[in-house]
Amino acid sequence: MLFRSSVLLLLSLWCSPGALRGQSAPQTPASPPQSMGVTTGGTYAPVLDAEKRPITAGGFVKTGPVVFQDIATKAGLTVWHHTMGTPRKQFILEAPGSGVALLDYDKDGWLDIYMVNGSTYEALAGKAAAPHAALFHNNHDGTFTDVAAKAGVTNERWGFGVAVGDYDNDGWPDLFVANFGKNRLYHNNHDGSFTDMAEKAGVQLGNWSSGPTFGDYDGDGRLDLFVSGYVHYDGDKPPTLDSAATAANFCQFRGVNVMCGPRGLKGEHDHLFHNNGDGTFTDVSEKAGVSDPNGYYGFTSIFLDANNDGKVDLLVADDSTPNYLYINKGNGTFEDDSYASGYALNENGRETASMGVAVGDYQNNGRLGFFNTTFSDDYDVLYRNDGDANFTDDSYAAGVAEITVPFLGWATEFIDYDNDGWKDLFLANGHVYPIVDQNNWGSTYAERPLLFHNQKGKKFDLVPAVEGSGLAVVIPARGAAFGDLFNDGRIDVVINNMDSVPTLLRNVDADRHHWVELSLVGGAKGPRDAVGATVYVTAGGLRQRGDVLSGGSFVSSNDPRVHFGLGDADKVDAVEIHWPGGLKEKVNLPGVDKIFTVEEGKGVTAETCAQCPPQAGGKKN
């Protein structure tokens, strides 16, 4: 522990702009915010490590605890390549990248991986073959096989976001893919294949959709669909520096010409689709009060219960515009609580370029906190939930602000990587302007991820990036999904990298802590996949909360199973599940270090794990 604390202290000093300049760490930029296409906190001096490298691609240590290893090549994921526009990134359509979804599409007990792809202008014009999405089937031996063509989910459109949800309650996970152009709603056919039902369902839309999420907002037992919109983009007349409709200062960053937007461009509105129960949806955005009349630049959205009243609320992380938090009124409509809740802006009263969002009870107090990633030259924001959906920007006090300023953040999630019972924080990073590599700004186009260790809900400490480990990969990251890919009780990370191959960070942390995971199956009054359920687990003196969510991270969808690290506790004292239909059920778990299937009203019906003998009523995978 002494070694670990020393390394953390050293790395924190390396990552502190003030320490590198011989000053106390400032909370204000060297110059005021610039008027440009993206929102930042201003212009900061370069942050370099001991070897004079930008901290975004440096700051590594020689030795220390290894948490992740990149096994993407060994696992077979690098046969697939993400493509989005051209390397120049001349237009904003080419910049955001794409998401990842984890789902067990064939119900064999192992998570599979869906990778969304972008496209090219030649493909949009019908002059070249379109890049395709990947569906990597989990082979149960540490490897994956791309079966997207066989499964019928190649998309072959300009893809951005993805969400998983069993919208027809048939017990099989379906996929919604958000595109520039028409969206996809892939219905699971139960035989390893999918059929696109978006047109029939009425959810195709047609311009730029970004971050979808499934959730039962009206409590009728069926999953509804929310789709955030980003920029209303004209592919025939893309915004350029010399465009009459675009002000020049919206096409510059630090005085250098870059792609235009999003500021200065027209925003695309958001859409809420009510599930009619017959395979179709109805757009109720305006009636429900979530249509985004301001035309903000929506990225990541997620249904969640922010105020613990048993009804799912709606969160939307917006780029360079205020964030939305809509509180569910229980009558089919929402109240815009964005400003009143404290989530719209940061503590300086300023909107941020919010990309991704993590949601989790990181304080173990039964309340969901939020973490938003932002643009470089600004700090990522930790919103502490003070109760009744009131949030406080706790970023600097919690230790996550100063370190994140040089980084441009995308995907993020609260994960208990060491199973000690406290949710830690992972960030995937990467810049949008390739030209940063040609300037002394202290940033790089490809950046390393960040992992913060939770110090019992009070603050977060940066985990050192050991050379050669997964935290030292320097990648142009965008979307990422988090989950237990190997059924070993450890949370792994799959990252979709811009114009590159994926990264698969396998969790190899040396902890020997116990854990449990719950795979929930809903009953007749709620969604079959239990999206919207909240689980409370008590063990070792800690009461933890976990939620079954669809969407989040950055336009991605995580493991639907709920994971709990137990520390040294070798038994679970209590489990209470709040099902979406309103039932509150107490369940007894007959052990630890296993994945338990729990059906609403029936208790534990199966148990699995990667390295345990067969049990009565369960199976070994």
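Me: Buried means under 20% relative accessible area, exposed over 50%, and partly exposed in between, with a 1.4 Å probe and protein chains only. Why is D593 called partly exposed?

Reply: D593 has a relative accessible area of 25%, so it is partly exposed. A word on the source: this is a predicted model, where local features need pLDDT of at least 70, side-chain atom pairs count only at pLDDT 80 or more, and totals for chains, interfaces and linings use all residues. Residues are numbered from 1 along each chain as its sequence is written, and side-chain values use heavy atoms, leaving out hydrogens and water.

Me: What makes the place of D593 a loop between β36 and β37?

Reply: Strands are DSSP runs of E, at least two residues long, numbered from the N terminus. β36 covers 584-587 and β37 covers 594-599, with D593 in the loop between them.

Me: Which residues does D593 contact, leaving aside neighbours within four places in sequence?

Reply: Contact means heavy atoms within 4.5 Å. For D593 the list is H513, H514, W515, V516 and C609.

Me: What makes the link between the side chains of D593 and H514 a polar contact?

Reply: The term asks for a pair of N or O atoms within 3.5 Å, one able to donate a hydrogen and the other to accept it. The D593 and H514 side chains are joined at 2.8 Å, so the pair qualifies under the 3.5 Å limit.

Me: How do you know that β10 and β11 pair?

Reply: Two strands pair if DSSP finds at least two bridges between them. β10 (residues 209-215) and β11 (residues 224-229) have five, in the antiparallel sense. In one of them, P212 has V227 of β11 as its bridge partner.

Me: What makes β10 mostly covered?

Reply: Seven of its seven residues are buried.

Note on methods
Helices (H or I, at least four residues) and strands (E, at least two) are DSSP runs, numbered from the N terminus.
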